[in-house]
Amino acid sequence: MKTLLDHNQLNITLQRLAHQLIENHLQFNDTAIIGIQPRGVLLSDRIAALVQKITKQKHIDYGRLDITFYRDDVSQGIHVPKRTDIEFSIEDRNVILIDDVLHTGRTIRSAMDALIDFGRPKSVELLVLVDRRFSRELPIQPDYIGHTVDTIMTQKVKVYWAEQDKKDEVVLID
Amino acid sequence: MSLSVKHLLGIKELKTEDIQNIFRTADNFKQVLQRPIKKVPTLRDTTVANVFFENSTRTRISFELAEKRLSADVVNFSASGSSVSKGETLIDTVNNILAMKVDMVVMRHSASGAPWFLAEHIDASIINAGDGINEHPTQALLDAFSMRERLGELKGKRIAIIGDIMHSRVALSNIFCLQKLGAEVMVAGPPTLIPKYIQDLGVKVEYDVKKALQWCQVANVLRIQLERQNKPLFSTLREYALFYGINRQMLDSLKKEIVIMHPGPINRGVEINSDVADSKQSIILDQVENGVAIRMAVIYLLSGKRDLGE
């Protein structure tokens, strides 16, 4: 097991990602943040809070999206769905999708399909904390990357969050 | 996490965790049904046959909508106008449907136990949509789901099932389901319509409807099934309505507000009066609405059990 990002590095990375988002979306008037259930939401909770703090906005449109019913591997096993709450219209808005680890790209494919069922966004961008590059099975690339890592299929990247796992850390498990 | 069973034949075989799992999943599907696009692509690769050997409005439409909202392909079959009238057996009929690459069968049959028999002979997952006077599992699930929406967790809640208990598959499935969720169950109705030894299932028996209403928090009122009575079990419908029908006066005389349910179709003025069925105490249409979400959950959770074959 190898630590990719420790507590400090992780928090600096989150700060950077938040600033990069603000660089492109300024006051977030036309932009919404959507975290992907279940683990991406822990990241998007942090990012949304940081963005709100830095921009000093009273309100930022922030939702959570569950992709269970949009998966392409239903016949290989049943996953328990989590809540979807998108309490605003995404029609003609910029949407930033957030997930913790980008691997094969299949989750993001499902997320885009799920998103389109809520309306037609003006644009969709992807933010991930860890990009496992060279392991993509679909032509999907992130717009904002916290940390890039080269891995092989059998390895696992695990992101721990203080809210749930009592520590902030990103590790690579062999 | 999928269910502990391959088929949904009866509530009797389900574990309590299975029921909770179905409810949690149905909560999510109910949310999907509130969206502008009430449809998810989950079961694009699945074909479901609805095989109905007995009449149905609600259950059949509800199943068909559930399947369509999961993006499954649907074929409908009803006994009238089919080769069943030419003498084809149940297994032959279903195997012929399955030969056309169908993954799941939803079946209603007038013979109690028919889905169990079928499950022994075919590979596809079977969902029982009512068999004779035995079980109607999805109805019980949607009933319990609707009660839970009103009352919260059902543990310790008092539920009375009133009316034709003898001929009702809804009653038996309800008893199993509610007991697994920890509720107390009472059956009430005329002695001729309550099966002997039903108290062995651990339910209370009451012949005075008024007393049952005073005891319960929810009254699930059942239809008088004249089509299943081959000898008269009460004198007239009017007499039944007089002694066992639920009316406004009766409810007003209680010192509390109870929840009224009915699985449909309603015989208005017999087991339930319009001033009760259409009141705000009644959640009859909520039951129908929840039926689609519950059936989506059941179909979704069973679809992982499919034999992928080759």
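In chain B, 23 residues of domain 1 are in contact with 24 residues of domain 2, where contact means that C-beta atoms, placed from the backbone, lie within 7 Å. On the domain 1 side of chain B, α1, β4 (125-131) and α11 each supply at least two of the residues touching domain 2; helices (H or I, at least four residues) and strands (E, at least two) are DSSP runs, numbered from the N terminus. The domain bounds come from an automatic or database domain assignment, and the C-alpha centres of the two domains of chain B lie 25 Å apart.

This is a predicted model, in which local features need pLDDT of at least 70 and side-chain atom pairs count only at pLDDT 80 or more, while totals for chains, interfaces and linings use all residues. Residues are numbered from 1 along each chain as its sequence is written, with chains lettered from A and ligands numbered from 1 in the order in which they are written.

Chain B also meets chain A, with 19 residues from chain B and 11 residues from chain A in the contact.

| Domain 1 of chain B, touching domain 2 of chain B | α11(B), six residues |

What does B:Ala297 touch, leaving aside its neighbours within four places in sequence? B:Ala297 is in contact with B:Ile22, B:Thr25, B:Ala26 and B:Phe29.

Definitions and conventions:
Two residues are in contact if their C-beta atoms, placed from the backbone, lie within 7 Å.
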